[in-house]
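This report goes through a single protein model by region. The sequence and the structure come first, and the description follows.

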Amino acid sequence: MSKIRTFYQNHLKKKMFNKILLLYSMVMVLLFISISILAYRYYEQRVVREQMDASLQELDIISISLNQQNERMYAAVQQIYTDAMIGDDLKYFLTHEYENFLKWRLNQYANSYRTERNSFDYHLRLLLKAEASIANIVLYSSDQDFYYVLNRETQHFYEQPRLSAAHQDWFERSRIEPWQYMGNEPLFKGKTSGESTPYSYVNVLKDPVSLKKYGAILFELNTDLLRGLLRDKLNNTGSRIMLITSQGQVIFDSEGRYDNTIYPYWKQMSQQEDWVDLEERSKVQLLNIGNTGMVAAAIIPESQIEQSLQTLRFSLIGIVILCILISITVTFTVIRRYSKKIHRIVFYMRRWQEGDLSKRIRMEGEDELQQISQSFNYMCDRLESYIQTVYVSEIKQKNAQLVALQAQINPHFLYNTLESIRMKAISSGARDVGQMIYILATMFRHLIKKQTHVTLAEEIELCRMYLALIQYRYENKLQVETNIGMSVAGSIVVKLLIQPIIENYIVHGFRTDDEDNRISITAAEQEGHILIRVKDNGKGIAQEKLLELRKALQMEAGAASLSSDSLGLKNVQERIRLNYGGEYGIHVISEQGKGCEVIIEIPSTKEDWPHEERIVGG
């Protein structure tokens, strides 16, 4: 049990494909074994049926041959009754003394009533000539108590012989059993044995008028010759053929084991069961030979059937083993292929768990595992995009705040200090200085807030305060115009979305020597999008540099292709794409010496805004 438990823990518990392979293998083994057993049983029955059919054909051949022989002997007896001359000749021979019979026959010949052809002995010699299996014909006279033995070479006349001990009642038994087993002992003492004639066919002779029994005719069969004739009729099918009398004496045995003996399994054979226990378990077929009382038996031993099926059995075992091996091999190959795919998916999932989202599963095919791989790859893409959107956006936002507030070590201390300076300037009568400090402090207060998204109105207000400081710096040299629609004022935008663009204008496009500098900020909704336009009349951008700027803005985030002069625009572009997607961003229109226009396109995100219909400043 411990080994089984260990095997289960190591190879099956957490390995689904091993379980599938084991279950499939068990099912296939049971299936092939079941099919092979059914096929074996079918062919076994077929072989038995074929052998039994072949044996039955042999029995039919033997039956036909013996019936023909029996019919010829019976016909010979019937001719004695139907031919009056032969019948009278035989009757007179058996009912009178031999000298009187000779005188009577001479008188018959003399009177020309009969010829030699009408004599019984001529008739019987013709039968001996036609039937080679008849060794002797014995005529018995019950009135005169003599025996007349006729064969092909000679004839013998025996007056009142002494019967053998085993045949004292042969005449009485002949009425019931026409076929009698005489054995190797002759019928009476002094009878010439000649050939082996253990079997005889007896026919009691009667007077056709009075029906009085006056004798009998015995046809003694030459069993050696009969066996030879029967063997010639057999087709060598392998079955054991036997010819047995009704008492169980064996006339013929194709194996020669029980010739002229009592068959010890005659009673078992007579039961006619499906399988009979003889020398071994066997199939038996019996066929009665006419009215002779003999039975022809065909015996098919189980060992012979098993031997016939041995090749089939080995072939089936080989085929089943081969099919099982091929099935398991093919299944193992297919399952191993899918197992490798699963292990690859598990490997990459572990890499993802460790934080490496750069890996992607490459899976061939179009099955469910390939669909799972595609889904995981898509999930990683979305997750990576989400991380870029959330975390990278926050990093960019913090960087923008750091650029705007380079001295943010302690913003609260700086804000409080500026407030103190402002109050000192106001108390000294420098109200302009106090107002500038107030604006700067308000900007710092706005910038140090932690939220990364504000309303568009709050973003515009921050830009107005920044431009107010510039106006204080360059007195009467900058005009500012803002025009923000009420429908977009409450929209949520990324913090510091517009201020870097305005700062880019102040640093690179502002004409310090001119008095007509002008910048306008407008925002309106168009087809579900918000368009923010920052337009100035500054120095503008040269054509070559403008193309370079536009190309750099279309690049992916993180590409360091812009000069430090345009990092603010690139920063705004990246944060827009990270927050809203690649279809949004900024577009720059400019001509050198004629100013510049920056168009910002973002999606519209509504928020209730309770202030006036339009915010207009100048």
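Where is the place of Phe 314? The place of Phe 314 is in helix H9, where helices (H or I, at least four residues) and strands (E, at least two) are DSSP runs numbered from the N terminus.

## Basis of the description

This is a predicted model, in which local features need pLDDT of at least 70 and side-chain atom pairs count only at pLDDT 80 or more, while totals for chains, interfaces and linings use all residues. Residues are numbered from 1 along each chain as its sequence is written, and side-chain values use heavy atoms, with hydrogens and water left out.

## The five-stranded sheet

An open sheet is formed by 5 strands in the order S8-S7-S11-S10-S9, with antiparallel pairing. Two strands count as paired if DSSP finds at least two bridges between them. The edges are strand S8 (250-253) and strand S9 (276-277), each of which pairs on one side only. S9 is joined to strand S10 (residues 281-288) by 2 bridges, and the two run antiparallel. Val 276 has Ser 282 in S10 as its bridge partner.

Helices pack against this sheet. Helix H9 (residues 302-353) touches S10 and strand S11 (295-301), and its direction makes about 50° with that of S11. Helix H7 (residues 223-233) lies across strand S7 (240-244) and S8, running at about 40° to S8. For these angles, axes are lines fitted to C-alpha atoms, for helices over the stretch in contact, and the angles run from 0 to 180 degrees between N-to-C directions.

Gln 285 is found in strand S10. At 15% relative accessibility Gln 285 counts as buried, a class that means under 20% relative accessible area, with exposed over 50% and partly exposed in between (1.4 Å probe, protein chains only). Leaving out residues up to four places away in sequence, Gln 285 touches Met 52, Ser 55, Leu 56, Leu 59, Ala 296, Ala 297 and Ala 298; contact means heavy atoms within 4.5 Å.

One of these contacts, Ser 55, lies in helix H2 (residues 16-82). Ser 55 is buried, with a relative accessible area of 0%. Ser 55 and Gln 285 are 230 residues apart along the chain, and their C-alpha atoms are separated by 8.0 Å.

Phe 314, Ile 317, Ile 321 and Leu 325 make a nonpolar surface patch of about 400 Å². Patches are made of residues with over 30% relative accessible area and no salt bridge; like charges are joined within 9 Å, and nonpolar side chains (Val, Leu, Ile, Met, Phe, Trp, Tyr) within 5 Å. Accessible areas come from the Shrake-Rupley method with a 1.4 Å probe, and for residues only the protein chains shown count as cover. Phe 314 has 52% relative accessibility and so counts as exposed.

## Hairpin S2-S3

Strand S2 (residues 146-150) and strand S3 (residues 155-159) run antiparallel and are joined by 5 bridges. S2 and S3 form a hairpin with 4 residues between them. The bridge partner of Val 149 is His 156 in S3.

Helix H15 (residues 499-508) has 7 of its 10 residues buried, so H15 is largely enclosed by the rest of the structure. The buried residues in H15 are Gln 499, Pro 500, Ile 501, Ile 502, Asn 504, Tyr 505 and Ile 506.

Leu 578 lies in helix H17 (residues 567-580). With 9% relative accessibility, Leu 578 counts as buried. The C-alpha atoms of Leu 578 and Tyr 391 are separated by 9.4 Å, and the two residues are 187 residues apart along the chain.

## Salt bridges

A salt bridge is a side-chain nitrogen of Lys or Arg within 4 Å of a carboxyl oxygen of Asp or Glu; by this rule the count comes to 14. Arg 105 and Asp 89 form one of them, with the closest N and O atoms 2.6 Å apart. This pair links distant parts of the chain, with Arg 105 in helix H4 (residues 98-110) and Asp 89 in helix H3 (residues 84-95), 16 residues apart. Arg 105 counts as buried at 11% relative accessibility, and Asp 89 is buried at 0% relative accessible area.

Asp 169 and Arg 173 meet in a salt bridge (3.2 Å, N to O); Asp 169 is partly exposed at 37%, and Arg 173 is partly exposed at 22%. Glu 591 and Lys 594 also meet in a salt bridge (3.7 Å, N to O). Glu 591 is partly exposed, with a relative accessible area of 45%, whereas Lys 594 is exposed at 61%.
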